[in-house]
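Hi,

Here is the structure I promised to pass on. Have a look first, and my notes follow below.

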Amino acid sequence: MQDMGIEVLFQGRNFVRLLEGLWVTVRISVFSVIVSILLGIILGMIMTMKNPLLRIITRCYLEFVRIMPQLVLLFLVYFGLTKMFRINLSGEISAIIVFVIWGTAEMGDLVRGALTSIPVHQYESGKALGLTTVQNYCYVIIPQTIRRLLPQAINLVTRMIKTTSLIVLIGVVEVVKVGQQIIEASRLTSPSAAVWVYGVIFFLYFIVCYPISILSKRLEVKWRN
Amino acid sequence: MDFNFIREYVPYFIAAAVLTIRIASIGISISILFGLLCSIIRYFRIPILHRLIDIYIELSRNTPLLIQLFFLYFGLPKLGIVLSSETCAITGLVFLGGSYMAEAFRSGLEAIGNSQIEAGLSLGLTKSQVIRFIVLPQAISISIPAFSANVIFLIKETSVFSAVALIDLMNVAKDLIGLYYKTDETLFMLVSSYLIILLPLSIAFTLIERRLRHAGYGN
Amino acid sequence: MEELSEMKTPGETLVEIKNLNKKFDDTSVLKDISLDIHQGEVVVLLGPSGCGKSTLLRCINGLEKIQGGEIILEGEKLNEQTKRMHLIRQKIGMVFQSYDLFPHMTVLENIILGPRKAEKRAKKEVVKEAEELLQRVGLLDKKNAYPRQLSGGQKQRVAIVRALCMHPKIMLFDEVTAALDPEMVREVLDVMLKLAKDGMTMVIVTHEMQFAKAVADRIIFLDNGIIVEESDPQTFFTNPSTDRAKQFLNLFEFDAI
């Protein structure tokens, strides 16, 4: 190799631009996660209800969203919604819509799982101690639910961050797109830029996701018993 | 809906689906073997190797497949390693899938209590016989739910293969939307294709899991 | 050891334990234990929980690494992690408190696994023997059942048959009735009594005092990792010579209110 492609990273504002692109990625994920958690809690509670119609509807929604690749969902929203309602959705808005739809489904299922995993005798022993229903939920049920829920919810954040890489394919300018622009611009000056740029993006994702998954694992081990 | 359009372009989707299924089957099969190997290395704490595998698993699980593919497809050629689209796709899928399968398998191995191993040893079986006849069969059936979730997950992940110029379902869909602007019909065929591939699998896995749960392993 | 020979005409020495020391990290659980087990003898290990009796049993089967001393079975030393350990273990049958049948195999498959794979015996012959043994413990009709379909007592009887089918020289029983419902204890103890009568060499850890009295040729009372008392059951239960044994036996008595 004659050229040192790695220099590309430090030319001009290239590295800063990559970080800015990463910020777009993180911003979209964090925003989607927050909305998904709120909607997911509601969905999860609905799913534990006995109403058969609600059950069928939520179940279909959940299964469809989970079985479709996220990229297909992105296409459905980015191309489909745009055409159906004759509106022009930006890639970023489409991405947020898809991540909220997907995240809500995943979160809803986690909440449902956490709620139903609390054994009946926990509800009963709270009552037997003379707690009111509200006290029972505040002191007995919800703390246990959160312990089951939180590690998986945090894990969902990393899944979402990783999935945001897809939005480059519907034209959002985020870290991958910035990388491609850098490679493109330095095609003549340093042909081997692609190795370094994609290598750096690879590690950027790792640096963002790894601490979050460690946190999730730690909490899970800590709260297992 | 323009049904003539659908009829005309269905063969493209079928060809793309076949390609997706073919690459997914190869990639997932290798992932399973590779994951098994990794989990066994970790289980026995084989020196140095198990550290390397720990690192690999963290790298693989904390980065997106798309970036792994871009690196393989656009990055490696600059270092003189040129891989075809298909090889890239399979390599990427195995890099990602191996770690997921290893984790699934690890939870199965960890579920086998030490007392089962001791029971086997006290029958006079050798260590490798204990692994073969007692630990592995149980570990595999315990990890089947996680395994099957991973299979579905990996098939879904194949949707990014269009990014390394494979003519898969996403690529066909993108072309048809771009060329003819037949968005509804194209998206309909795209969604149907994935449903046809994934729905039967998902149902089959649910049934298998239900049976396993019914069988209720463990003393 | 002289008075021992008067208790029962002992066969030749099968297991020799010399100055055995076992530690978990820094805590000594077995301190300088020496013990001979003779052909055809039934030895019952008694003692409060944590006294090291289960550990001693596990050492005899090479399931615990030992820090000192040696264990010799039929002239072969077993405390090193030799390649021959699995061959030595084939001579030792062990039954655990938690049964530890293999849940993915039927009763019959559980029993023939060892003879088939460890001893490479012919399938037909092993199956025949397994069926005879199952018949003897009254479980022949369960041969194709899976462990989960059996009660605790049935599982434990299968576990005994599984060990017996290897033709062990000695059988080790580690609190085999401790996890059972009271009404199932009897069926398992009966099988063990029958084995003892047939002349099997056995080392038993148990909390069933009546059973210990009935089955034992010799009682070893352990406390804090040392052998405190060693005598025939009659003497031990009616006239224990140490205070610690008296205290221990008192735990099983209730005063009328």
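Let me start with B:Arg22, which counts as partly exposed at 37% relative accessibility (buried means under 20% relative accessible area, exposed over 50%, partly exposed in between, with a 1.4 Å probe and protein chains only). Before the rest, some housekeeping: this is a predicted model, where local features need pLDDT of at least 70 and side-chain atom pairs count only at pLDDT 80 or more, while totals for chains, interfaces and linings use all residues. Residues are numbered from 1 along each chain as its sequence is written, chains are lettered from A and ligands numbered from 1 in the order in which they are written, and side-chain values use heavy atoms, with hydrogens and water left out.

Back to B:Arg22: its side chain meets that of B:Glu86 in a salt bridge, 2.8 Å from N to O (a side-chain nitrogen of Lys or Arg within 4 Å of a carboxyl oxygen of Asp or Glu). B:Arg22 lies in helix H1 (residues 3-43) of chain B and B:Glu86 in helix H4 (residues 85-111) of chain B, so the pair ties together parts that are 64 residues apart in sequence. Helices here are DSSP runs of H or I, at least four residues, numbered from the N terminus. B:Glu86 is partly exposed too, at 28%.

Helix H4 of chain B also holds B:Glu103 and B:Arg106, 3 residues apart and so separated by about one helical turn. They form a salt bridge with the closest N and O atoms 3.5 Å apart. B:Glu103 counts as buried at 15%, whereas B:Arg106 is partly exposed at 30%.

Now the interface. Of the 2 pairs of chains in contact, chains A and B share the most contacts (contact means heavy atoms within 4.5 Å). Each of these chains puts in 36 residues. The area buried between them is about 3,400 Å², with 77% of that from carbon and sulfur atoms; buried area is the accessible area (1.4 Å probe) that two parts lose on being put together, summed over both. In chain A, the residues losing the most area to chain B are A:Ile67, A:Lys83 and A:Phe202, together 19% of what that side buries.

Across this interface the rule finds 1 salt bridge: A:Lys217 with B:Glu58, closest N and O atoms 3.0 Å apart. On the side of chain A that touches chain B, H8(A) gives the most, with 13 residues.

Chains A and C do not touch; their nearest C-alpha atoms are 22 Å apart.

Cheers

Definitions and conventions: Helices (H or I, at least four residues) and strands (E, at least two) are DSSP runs, numbered from the N terminus.
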